[in-house]
Amino acid sequence: MAGPMRIRAAASDGVTEVRILMSHPMETGQRRDSSGELIPAHYITELTAKHNDKVVLTSYMGPSVSTNPYLAFKFNGGASGDTIQVSWVDNKGESRTDDVQIR
């Protein structure tokens, strides 16, 4: 299972910038281990970011995204103390949700 996401969110002049570092192996299913066996595919398929329970970003990913993906985006609105919640689901049905307050 992947570890927690590192999320930073800051508001300035009516625009909120969110930066996310996800801990996930993001295996393509095409790489082999030391014994020559294929490593099964394991990657994030969908990521959703919410600001106070309103979806501000939905991202669909695939096996070509690198290990421990980084994503940054901006949206209009948001104020110090508001909550940003980020969730992802992977191709094995695993999921993770973390949240942070905007500073």
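Mentor: Let us begin with the sheet of 3 strands, whose order is β1-β2-β5 and whose pairing is antiparallel. Please keep in mind that this is a predicted model.

Trainee: What makes β1 and β5 the edges of that sheet?

Mentor: Each of them has a single partner strand, so one side of each is left without a neighbour in the sheet. From one strand to the next, the twist averages 15°.

Trainee: How do you know that β2 and β5 pair?

Mentor: Two strands pair if at least two bridges are found between them. β2 and β5 have 7 bridges, in the antiparallel sense; this meets the cut-off of at least two, and therefore they count as paired. Leucine 21, for example, has tyrosine 70 in β5 as its bridge partner.

Trainee: What holds paired strands together in general?

Mentor: Strands of a sheet pair through backbone hydrogen bonds, in either a parallel or an antiparallel manner.

Trainee: What is the strand order in the open sheet of 4 strands?

Mentor: The order is β4-β3-β6-β7, and the pairing is antiparallel. At its edges stand β4, residues 54–60, and β7, residues 95–101, each of which pairs on one side only. The twist in this sheet averages 15° from one strand to the next.

Trainee: How many bridges join β3 to β6?

Mentor: There are 7 bridges between β3, residues 44–51, and β6, residues 83–90, and the two strands run antiparallel. Glutamate 46 has valine 89 as its bridge partner in β6, while histidine 51 has isoleucine 84. On its other pairing, β6 is joined to β7 over 7 bridges, also in the antiparallel sense, and tryptophan 88 stands opposite arginine 96 in β7.

Trainee: What lies between β6 and β7?

Mentor: The two strands form a hairpin with 4 residues between them. In the turn, glycine 93 has a positive phi of about 85°.

Trainee: Which residues of β6 lie on its covered face, and which on its uncovered one?

Mentor: Ile84, Val86, Trp88 and Asp90 form the covered face. Thr83, Gln85, Ser87 and Val89 form the uncovered face.

Trainee: Which residues touch the most other members of the largest nonpolar core?

Mentor: They are Val18, Ile20, Met22 and Val86, in a core of 20 residues. The elements giving two or more residues to this core are β1, β2, β3, β5 and β6. As a general rule, nonpolar side chains in soluble globular proteins tend to be buried together.

Trainee: Which residues does methionine 22 touch, not counting those up to four places away in sequence?

Mentor: Methionine 22 touches Met5, Ile44, Leu47, Met61, Asn68, Pro69, Leu71 and Trp88.

Trainee: Why is the pair of glutamate 27 and arginine 31 called a salt bridge?

Mentor: The name requires a side-chain nitrogen of Lys or Arg within 4 Å of a carboxyl oxygen of Asp or Glu. In this pair the closest N and O atoms are 2.4 Å apart, and because that value lies within 4 Å, the name applies.

Trainee: Is glutamate 27 buried or exposed, and what of arginine 31?

Mentor: Buried means under 20% relative accessible area. Glutamate 27 has 13%, so it is buried. Arginine 31 has 46%, which lies between the cut-offs of 20% and 50%, and is therefore partly exposed.

Trainee: How many salt bridges does the structure hold?

Mentor: The structure holds 2. Aspartate 98 is buried, because its relative accessible area of 16% is under 20%. Arginine 96, at 22%, counts as partly exposed.

Trainee: How many helices and strands does the protein chain have?

Mentor: The protein chain has 0 helices and 7 strands. Its C-alpha trace spans about 55 × 20 × 20 Å along the principal axes.

Trainee: What share of the protein chain is made up of buried residues?

Mentor: Buried residues make up 32% of its 103 residues. The chain exposes about 6100 Å², and carbon and sulfur atoms supply 45% of that area.

Notes
Residues numbered from 1 in each chain as written. Predicted model: local features only at pLDDT ≥ 70, side-chain atom pairs only at ≥ 80, totals over all residues. Heavy atoms only, no water. Axes fitted to C-alpha atoms, helices over the stretch in contact; angles between N-to-C directions. Buried < 20%, exposed > 50% of the residue type's maximum accessible area, 1.4 Å probe, protein only. Core = buried A, V, L, I, M, F, W, Y, C linked by side-chain atoms within 4.5 Å. Contact = heavy atoms within 4.5 Å. Areas by Shrake-Rupley, 256 points an atom, 1.4 Å probe, with all protein chains shown as cover.
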